[in-house]
2 protein chains.
Amino acid sequence: MLVMHSTDFHAHHSPLGAYASFTCGRHGAGGGLTIAGRAPAQHPLTVGWMAGDVLHELPFNASADGVSLDNYAEEVGGVSSQVQRHILDGSQRRYGAGTDAWTAGNFAFRIYTPVWPLPDPERDGEALLLQRLLPAVVCELHYDNRAGSEDVDLVFALRPGDPVSHLLPAVAEAPAVTWQRQFALAVLADEGAESWVHWDVHEYLREHRSHRLGGLAGASRRIAAGTQGSLRLILAFHNEAPVTTGIDAKPWLSRGYPTLQSVVAAASQTYDGIVARCQEMDQELEQSGLDPHQQFLVAHAQRSYWGNTHLLDHGGTPLWVVYEGEYAMINTFDLAVDQCFYEMRRNPWVVRNILDQFVRRYAYHDTLCRPPEDAAQRAQRLTMCRDPHRLHELVPEPVERGLPGGISFSHDMGVYPHFMPPGESSYEISGLAGCFSYMTCEQLYNWICTAVTYVQGSQDMDWLRRNAGVMNACLRSLINRDDPVPSKRNGLNSLDSEACAGGWEITTYDSLDHSLGQARHNGYMAVKGWAACIGLECMFQHLGELKLAVDARDQAQRVADAVVARFDTQRQCLPAVFEGDHDSVIIPAVEGLVFPLQWGLTQALAEDGPYGALITILGKHLHAVLQPGICLFEDGAWKLSSSVDNSWCSKIFLCQHVAEHVFGMIPDPSSHAAHARWQQIGSADWAMTDQCTAGIGRGSRYYPRCVTNDLWLQSGG
Amino acid sequence: MLVMHSTDFHAHHSPLGAYASFTCGRHGAGGGLTIAGRAPAQHPLTVGWMAGDVLHELPFNASADGVSLDNYAEEVGGVSSQVQRHILDGSQRRYGAGTDAWTAGNFAFRIYTPVWPLPDPERDGEALLLQRLLPAVVCELHYDNRAGSEDVDLVFALRPGDPVSHLLPAVAEAPAVTWQRQFALAVLADEGAESWVHWDVHEYLREHRSHRLGGLAGASRRIAAGTQGSLRLILAFHNEAPVTTGIDAKPWLSRGYPTLQSVVAAASQTYDGIVARCQEMDQELEQSGLDPHQQFLVAHAQRSYWGNTHLLDHGGTPLWVVYEGEYAMINTFDLAVDQCFYEMRRNPWVVRNILDQFVRRYAYHDTLCRPPEDAAQRAQRLTMCRDPHRLHELVPEPVERGLPGGISFSHDMGVYPHFMPPGESSYEISGLAGCFSYMTCEQLYNWICTAVTYVQGSQDMDWLRRNAGVMNACLRSLINRDDPVPSKRNGLNSLDSEACAGGWEITTYDSLDHSLGQARHNGYMAVKGWAACIGLECMFQHLGELKLAVDARDQAQRVADAVVARFDTQRQCLPAVFEGDHDSVIIPAVEGLVFPLQWGLTQALAEDGPYGALITILGKHLHAVLQPGICLFEDGAWKLSSSVDNSWCSKIFLCQHVAEHVFGMIPDPSSHAAHARWQQIGSADWAMTDQCTAGIGRGSRYYPRCVTNDLWLQSGG
């Protein structure tokens, strides 16, 4: 049993790769089924049991589940109902890796969301893949009435707010109610189990006849006094091709599940296997050696990851998509680079798939410009300016233009349901400063680091050979962003893409801290760039391109030297940005070290290795900043920047892994407890939330990226 | 210019047969585009113009159209905007048959919704039909800046609440923004006209660059000082097959418009023709001779009718569907029978199409039961009982069961998006009394009356011959519902369908008055049944089935005699129900006379004709009840029942036509003014509303049926 600060929070419960969720858990907030939901459904949701005229239900509903018949007629001389609602205690919630379960007295409710590896459709065929993409969530309501003297009816009912359409024909094993051609609520055909449509739970249980005009999709089963039993449910999802624009793609699952009926039929046949897999997952996590708060964070992150996944079929080619939570951007590269550790342990092909999508459609080539040397000083109070007419007043003019740049990749591929034209993201626009500017240099690093992660983890040398040209282009582009003129190189990203058109480049930490509103001479970027260089060196060695390997290593050395030179020996730390007048310090200075750790390049991380000086000062930096009042909150939670209360959980988890496995600095258990509190209390309305401000979910909600905490499991806890 | 009580009300603006609407007009309520909308969209909607930093807009928006960027970043050092909103006077609204137009100073906004006949797809091919099904609404914003010294930007912007996806490629004439793969906002490519996606109107006008993450779909065009000009818009709708369940049908329009692009392209090519047709419609209505309030009611009813229409393609077979407003039931027969007068003047084939659907899929055959003679007395306080276990306590047991019944038709065909199984409606259920019980006898009358209307209006004798067997079955079923035993027949519907299973049959006036909660011995039903008999007589004469014609005429005579016998000579009126202790009187006693009037059976309506006694007493009845305090409200509005304030506008319009054209009782103009007030003020939130309680829209909102007022035009006003 996990120790939790609160059980009153929402969670995704999602099939794999369907961009679908049955979200529930928050008290008084309802819940429900969505496809492409950017926020939890707020549909009235009744889960419980009825005995006599009393409905006992878990505390999901905000208000009484009343009948709404006023528009049709007034009931005169009819039977007024005397139903009472009793709200069950929702505090006995067990939140496992595969099972989310509530118990209240003799009643239990369990939601099963198995995760298993997805076979590579391009190499392993698709029969097993389609089984595992089954777009359904199965649940169970149980009542132990062995000591009871009164029959009870187990009840699950949902009011989706759209006309609930029909008892689904032709699935003998599982009668179902469907709505919007996209959703079904089905019951396994255990004796007495029913699914139905009505106005109201208690009216249905009195009448046992559906009324198709009612807006309530229901399921129920009588458990006789002296017995015990379950109401076993299938929540099925389906949508039909095509679902996206820009690229016309349909859900891959529609290749195996042509109709809602077929989903229900398949789920009813594999129900037991699903439950067994979830129990196995629960057990594995419990035995992982992680503390209870970490276990919660791992389970919670994984659920929201899968709720944002979508496997699409683009004319027979699989496209793997992870959406960006509430923002729904498609395969945002800032997320992909962090999620690849989780994915490599399960489905390396999805990492390859995303890399290929970026190469095929979302690569572009730019030229660069050189800002004046005092640019940062002159513009440092500027974080954001969206007026292109005033931009030139606020951002200094470049002193040189049209410098050779090179390949990079868009920030994202669009926003659901739209794939952007080739080379364009939905996020980045020209002619502004701050948020929404280009992230050209960082996305270049992201492609390199993700690609190296894929090659090192999969040993897929065929893929590497096919992408040798891209690797080469990446190295040239990376070095040009230091400087196209060899004599001017200092190891740092020093120029801006001309895509910015008067603005300048930003990083993924655009909204962390205004010190980080520029990519140039940025400490976080420098270490990530160093990792990219040693990764490229490794790739060129695999390819036997020894000259290029040397170029990459030389650039890595330049970066390392540059970073070491900026170390503030007095404060024993690195500044966040290496120019201008910034005094904030940040934990993500060490973030880039995760890559050599994953890649098995242990020599690069050794204090007595080729980059020992860099590693040594980064260790000192981390030690110096991980202090209360600097980068620790009072309760032990990590604080990414000394100057703001704004943090991303995904990045904290990743940096905790670096701290422990590069520097032997084991995070204090109080941090895990605090981060669990951020989710269970601070972000209770939204399932997993990445961006928290002093522990309150503020942005990046309903988010997939926090699976960076899978790194905790990779190293044995 | 129409005289209106208020201009602050919603209206449907819909293409033909697309189940789509651009609904707007209510102040502070927003508006927007829907497909299959059961209520008006409530999206923020900006329509107006911007000059300097002031946005002048029509009063559609509830609140300022603010930027919502908080989730991404705080703007620091940026440019804070000083935009002011000025709400234009919305009172200058001209509500014509084809054009809904606002003017405010130099600004005008016009929405064009042409209505033209739809060619019969089964007889006339579909090229012209597809042109007329064009699923788009076109609009125009105009600004006369000839005397102005400052440029202004015309602006239309809508925040649909879903990710707005893209500038639609490949329609050179009309760049567009699309969302949900279903909607597009396009501008005709007049010089300087733009469509865009952004966070905010004034930011876009400052920047003139789209930001794809913004949730606002916008269009704008600069009108330079010293000039005048228009921003011409296309609001396009599209959805892909299939859209329904039960029957898998796709929109017919998808045969001609495979994509949103194709809709936009077609609308841009026919824009001028659309505007011209609307101007022609405006003029026709203005010259119709109807008074201004009647003109408003005609225009308003027609808009809501089309917003509820849907032409579906079921494997190549066209299915004409009219949904039931906020309830979205499919082809509710109670509506179809009233709408057929409107349809026969334009598209007789849709009437035939619905009749055929009822014969093919929604006919059923029943048996009958005989209630005890004192049933009405024993149960008269009962209007509604939904508990099947208690029904037998409240409804007397039949004294005879299993009597031969016959053919009838379901109340409806389902509720969007679901077509019910054959012979079942979504509305009717067994084992209850009151609302939601079966309407077996009335739907039989409805099929007969609609079929006769079709044959008499179209002279389609082929169709009649193909349906001779159905006509025959209908006559037998009708007579059996009086009594299977000839000697017991009294002309009235005296038995109940056993489909009711313990309850009894109701009528479409289920919720008008509890006196009307039974179909048996009901005065409204009797006159409608009489009309059905003389209609059948006429059909059998066409068919040369003279024996059957005599049977029908004999039954008509029995009905007429029965009704005449119940005339209360003291009060000079008919009771609503011919048994029990009811003292209410109702206008719809005369409703059935509309049929012989439409069928050209003038002899049947003559006081010196074969049914002269019936016509005479119905004239006396109408005269007696159309008195203040009985069936007139104080302001002159009609009141369908003396005992309640609940009325249906569609039925009032129909009965007004009967009053004038059968009895020469011309409705007082104060009634039209009052009924217009019910809509413009009492139902302002909902577009056309049928069911009003003392002038306030209460149910049957967003409703198609009020096109019964087209009868006013048929007779020359």
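Leaving aside neighbours within four places in sequence, which residues is B:Asp496 in contact with? Keep that in mind while you get set up. One thing to know before you click: this is a predicted model.

**Stop 1: B:Asp496**

Select B:Asp496, which you'll find in strand β24 of chain B. Now show what surrounds it. Skipping the neighbours within four places in sequence, B:Asp496 is in contact with B:Thr367, B:Leu368, B:Cys369, B:Pro371, B:Trp504, B:Glu505 and B:Arg520. Pick out B:Pro371 from that list: B:Pro371 and B:Asp496 are 125 residues apart in sequence, yet their C-alpha atoms are 7.5 Å apart in space. Is B:Asp496 buried or exposed? It counts as buried, because its relative accessibility is 2%, and the cut-off for buried is under 20%.

**Stop 2: the sheet around β24**

You're looking at an open sheet of three strands, in the order β21-β20-β24, with antiparallel pairing. At the edges sit β21 (400-409) and β24 (496-497), and each of these pairs on one side only. If you're wondering what holds such strands side by side, strands of a sheet pair through backbone hydrogen bonds, either parallel or antiparallel.

Now select residues 363-370 of chain B, which is strand β20. Seven bridges join β20 to β21(B), and the two run antiparallel.

Next, bring in the helices. Residues 440-458 of chain B are helix α9, which packs on the sheet and touches β20, β21 and β24. The direction of α9 makes about 35° with that of β21(B).

**Stop 3: B:His10**

Jump to B:His10, in the segment before β1 (20-23) of chain B. What does the side chain of B:His10 reach at 3.4 Å? The backbone nitrogen of B:Arg26. B:His10 is also buried, with a relative accessible area of 3%. Show its contacts beyond four places in sequence and you'll find residues from several parts of the numbering, including B:Thr23, B:Pro40, B:His300 and B:Trp686.

**Stop 4: a nonpolar core**

Time for some greasy side chains. In soluble globular proteins, nonpolar side chains tend to be buried together. Here, the largest nonpolar core has 234 residues. Select B:Phe22, B:Phe109, B:Phe156, B:Trp447, B:Trp530 and B:Leu593, the ones that touch the most other members. Which helix gives the most to this core? Helix α12 (residues 523-543) of chain B does, with 13 residues. The core draws at least three residues from each of domain 1 (20-67 + 83-286) and domain 2 (292-714) of chain B.

For a closer look, centre on B:Leu593. Among the residues it touches are B:Val527, B:Trp530, B:Ile615 and B:Phe663. A second, separate core has 233 residues, including A:Leu133, A:Leu188, A:Phe419 and A:Val559.

**Stop 5: over to chain A**

Start with the domains: the assignment gives domain 1 (20-64 + 83-286) and domain 2 (292-714) of chain A. Their C-alpha centres lie 39 Å apart. The contact takes 40 residues from domain 1 and 42 residues from domain 2.

Now select residues 176-179 of chain A, strand β12, which is covered on both faces. A:Ala176 and A:Thr178 are on one side, A:Val177 and A:Trp179 are on the other, and all are buried. Strand β11 (residues 164-168) runs antiparallel to β12(A), joined by four bridges, and A:Leu168 stands opposite A:Ala176. Strand β13 (residues 183-187) also pairs with β12(A) in the antiparallel sense over four bridges; there, A:Val177 stands opposite A:Leu185. β12(A) and β13(A) form a hairpin with three residues between them. Click A:Gln180 in the turn, with its positive phi of about 60°.

**Last stop: A:Arg93**

Finish in strand β6 (residues 93-95) of chain A, where A:Arg93 sits. A:Arg93 is buried, with a relative accessible area of 2%. Draw two distances from its side chain: one to the backbone oxygen of A:Thr7, at 2.9 Å, and one to the backbone oxygen of A:Phe9, at 2.7 Å.

How values were computed: Residues are numbered from 1 along each chain as its sequence is written. Chains are lettered from A and ligands numbered from 1 in the order in which they are written. This is a predicted model: local features need pLDDT of at least 70, side-chain atom pairs count only at pLDDT 80 or more; totals for chains, interfaces and linings use all residues. Side-chain values use heavy atoms; hydrogens and water are left out. Two strands pair if DSSP finds at least two bridges between them. Contact means heavy atoms within 4.5 Å. Axes are lines fitted to C-alpha atoms, for helices over the stretch in contact, and angles run from 0 to 180 degrees between N-to-C directions. Buried means under 20% relative accessible area, exposed over 50%, partly exposed in between (1.4 Å probe, protein chains only). A polar contact is a pair of N or O atoms within 3.5 Å; within protein, one must be able to donate a hydrogen and the other to accept it, and residues adjacent in sequence count only if both atoms are side-chain atoms. A nonpolar core is a set of buried Ala, Val, Leu, Ile, Met, Phe, Trp, Tyr and Cys residues joined through side-chain atoms within 4.5 Å. Domain bounds come from an automatic or database domain assignment.
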